[in-house]
There are 2 protein chains.
Amino acid sequence: MTKTIHPIDVILHKRDGLALTDEEIRSFIRAIVRRTPARQLVTDAQIAAFLMGVFFQGLNSRELSVLTEAMRFSGEVAYTEILNTFVIDKHSTGGVGDKTSLLIAPIIAAAGVAHPTPEGIPGIVVPMISGRSLGHTGGTLDKLETIPGFDTQLTLARMLDVLKQCGAALIGQTPTIVPADRILYALRDHTGTVESPFLITASIMSKKLAESLNALVLDVKVGCGAFMPSYEKSKFLAELMVQTGEAAGTRTVALLTGMDEPLGRFSGNWIEVWECVDIMRGVRHPMSADLIELSLTLSGWMLHLAGHSPSPQAGIDRADEILRSGDAYNAWLKIIQAQGGDTSVFEDPASHHTPGAKRILKAGETGFLASMDCKQAGWAVQRLGAGRAKPGDPVSANAGIESHVKLGAHIEEGQPLFTLFSDDEALLEEPEQMLRENLRIMEEPPTLPPLIREVIAADSTQPNRGRRGPDA
Amino acid sequence: MTKTIHPIDVILHKRDGLALTDEEIRSFIRAIVRRTPARQLVTDAQIAAFLMGVFFQGLNSRELSVLTEAMRFSGEVAYTEILNTFVIDKHSTGGVGDKTSLLIAPIIAAAGVAHPTPEGIPGIVVPMISGRSLGHTGGTLDKLETIPGFDTQLTLARMLDVLKQCGAALIGQTPTIVPADRILYALRDHTGTVESPFLITASIMSKKLAESLNALVLDVKVGCGAFMPSYEKSKFLAELMVQTGEAAGTRTVALLTGMDEPLGRFSGNWIEVWECVDIMRGVRHPMSADLIELSLTLSGWMLHLAGHSPSPQAGIDRADEILRSGDAYNAWLKIIQAQGGDTSVFEDPASHHTPGAKRILKAGETGFLASMDCKQAGWAVQRLGAGRAKPGDPVSANAGIESHVKLGAHIEEGQPLFTLFSDDEALLEEPEQMLRENLRIMEEPPTLPPLIREVIAADSTQPNRGRRGPDA
């Protein structure tokens, strides 16, 4: 017989800076999921007050773990254990032109299922559950859905079939997984409590851990195109996520990686698939170098964590080999077909790209490209039609931008910098302005940081004591 | 053409510690009052997030004034200006046995209306709008409603008639006055945002200022029976209320007064009316001394602020004279009759007191009564049946306690300390325990502070800069 815990007491304890007990957190999440219009075990107003309390008072390591676990088990979880393989996933905090999932899933699928080690190390599967475009960032699902026939809305049972058959699946959040997060996120979005690193961690990690992962590699973006407003805050978030993953028994590593300009050659939907198909078919466009570097690095860490490579660098070399050999492309075709996609469109991806309007943005002066506002570039992509103004809006398959230069390049006046694609001539004007106004061209070459800034693993973090994080 | 202000931006600005603009506050309150189930201009969750933001970030003097004014004008206001008199009220933050309103209203009515000064200083009216019992504190309305026929639910128009006729009215909050507070208070109550001194100030002052007052005297309780948990917090609240009143053009003075034991002889409903009738008819029971001191002091300040007495002390002397002369009792009878009450019950108030059960709590040892937990005494009164466990519960007219000793008294073992009254024998047990366990009897006489601790007037306060207050 446990004592009844009232939501108001949980709110008051958090408000007053006390550490919540495990049972307080669990009962609060239970009340959220079990409430009905007729049985208001906890009201929207109480959830909002709790979220704002957490925003101000934070959560210590224990509270954050218990919250994440309570959310993780609030709905269906993927019983990937039955596959008897090493289950690993990658998650990115979101960027512009960030399409690494499209390369990583086939690379790991090819490494794991097709090549079990002679030493008996189990194969690897990647249940890549992705999201849609949000704000200035793109969404893997929106990109994949430009492939004719491709179905991202699989049940968890169907996902297991695809994993068994292909070693990877590329699917969307199911309605049955982590219902607590859907409720909390909808409220956070309109109550000003999105930005809490604790709530972000619980949201991301509950969904990832519901995939029953053995390991997880996190790509936490830093720089002007990242969601988090400073390097320190991105790093704090990375540490929280690593600790929370490890506490749940999932090996977790976070890479802090640069998001100071659009990643790769294309930013949009179909055009990003095209770029990845090119890479997997051996075409390495110079504008794709950063995308390839990041995808191989993340894949390398995944292979290393799965026990298939003695070091991250050995994993990177292995991933590069898989990509160059064509094995990744074959795995890709298999996954796409398994989920109903028409792979004939990959034969000539450019012909599948038919934007109604395009415009080339040329350099207004000569010098070195020193910086750009990457968030504005993301919003330009969204305004061109590739992203959403609000959830449920349709997205254009063809809209987006092509980058012709990267930061640090020397450019001549009149040289093309970006090509903008849209379905409608009228939509080109504002995004062109947004891109043009946010470029900085200097006489001296800029000093640029490496793409991979820092690696956060369990042994490099300190337990958090429940404060708001850096500079709070 | 004003820019649309979205509730989410108001929440974010407050969350991030910015000072809100006047228009942000006004539009938020407008949205609260104008929303309907079909037109959710602002959701409960957003209001809760805003309230929690204010709890943590506070409000500066300007924000607090603008919020209070926006709430004040969210519904009907009393146009007491048309009476062409000085309009003054008293408000208490709530205590145990606190029945000063029942004495003050007739005292001021007798002083003002019956005796306009030869120098042409206008009369005074007291639109005493009171509340119901809440938690461990009693409610003036519940006490008054034990008078047969007495109607506290007057419209504002009817209140003006009674004021014109009697110089004072004793009524309840109307449904039309300050609707914003009703909505906010209901949400604060279940989201853990009741205790913010800023929100308490806006709630109290918006309702008082809606009476269109020329002046207001606040009785802010300190000590173990007060709502605020420390002297400093009570004082901070008093300062906020004085500043907010003055900013609205209402002369405002706050008295910090002791609530370390039940005030006066009786704590309950009818028995408190009885005590006041005794006093107004010239019977000064020794247990009523503190009640009389406080009522006269508050009345004295009111007479002084209204220009009828050259000093607060002169006002106190005047009030004492009015009380002793029987003028206050005559004014009382007139008010009660004007609002439909049967004044024949005052002829023999004790005969109207017919509790079903009573018990005498006697001293277990000899010594000086050093302290008691006054909040527990209030809860004992509530449990006896005089208060409410939740809004809407009925209250007993007869339940309550009679105090036979005051703090500092020397008591002998076996001497009666309290008599407990209830409608039901079974309800006596727990309250008796609560009273007994929270008394402290010592060998040495205690040092007791004066009843009136401190006076807070406009010139004794500093503008607040929007932090949470003392010790935050």
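**Note on the interface of chain B and chain A**

1. Chain B is superposed on chain A by a rotation of 180° with 0.0 Å of shift along its axis, at an RMSD of 0.1 Å. The two copies are thus related as by a two-fold rotation axis. The model is a predicted one. Among the residues of chain B, A45(B) comes closest to the rotation axis, its C-alpha lying at 1.9 Å.

2. The contact involves 23 residues of chain B and 23 residues of chain A. Of the interface residues of chain B, 100% are also interface residues in chain A, so the copies meet through the same surface.

3. About 1700 Å² is buried between chain B and chain A, and 71% of this area is on carbon and sulfur atoms. R15(B), F56(B) and H190(B) supply 35% of the area that chain B buries against chain A, more than any other three residues.

4. Eight residue pairs are in polar contact between chain B and chain A, counting pairs with both residues at pLDDT 80 or more. The rule also finds two salt bridges across this interface. In a salt bridge between R15(B) and E195(A), the closest N and O atoms are 2.8 Å apart.

5. On the side of chain B that touches chain A, the elements giving two or more residues are helix 1 (7–15), helix 3 (44–57) and helix 8 (179–191) of chain B. Helix 3 of chain B provides the largest share of that side, with 10 residues. By residue class, the side of chain B that touches chain A comprises 10 nonpolar, eight polar and five charged residues.

Conventions: Residues are numbered from 1 along each chain as its sequence is written. Chains are lettered from A and ligands numbered from 1 in the order in which they are written. This is a predicted model: local features need pLDDT of at least 70, side-chain atom pairs count only at pLDDT 80 or more; totals for chains, interfaces and linings use all residues. Side-chain values use heavy atoms; hydrogens and water are left out. Contact means heavy atoms within 4.5 Å. Buried area is the accessible area (1.4 Å probe) that two parts lose on being put together, summed over both. A salt bridge is a side-chain nitrogen of Lys or Arg within 4 Å of a carboxyl oxygen of Asp or Glu. A polar contact is a pair of N or O atoms within 3.5 Å; within protein, one must be able to donate a hydrogen and the other to accept it, and residues adjacent in sequence count only if both atoms are side-chain atoms. Helices (H or I, at least four residues) and strands (E, at least two) are DSSP runs, numbered from the N terminus. Ala, Val, Leu, Ile, Met, Phe, Trp, Tyr, Cys and Pro count as nonpolar, Asp, Glu, Lys and Arg as charged, and the others, Gly among them, as polar. Copies are superposed by least squares on the C-alpha atoms of residues with pLDDT of at least 70 in both.
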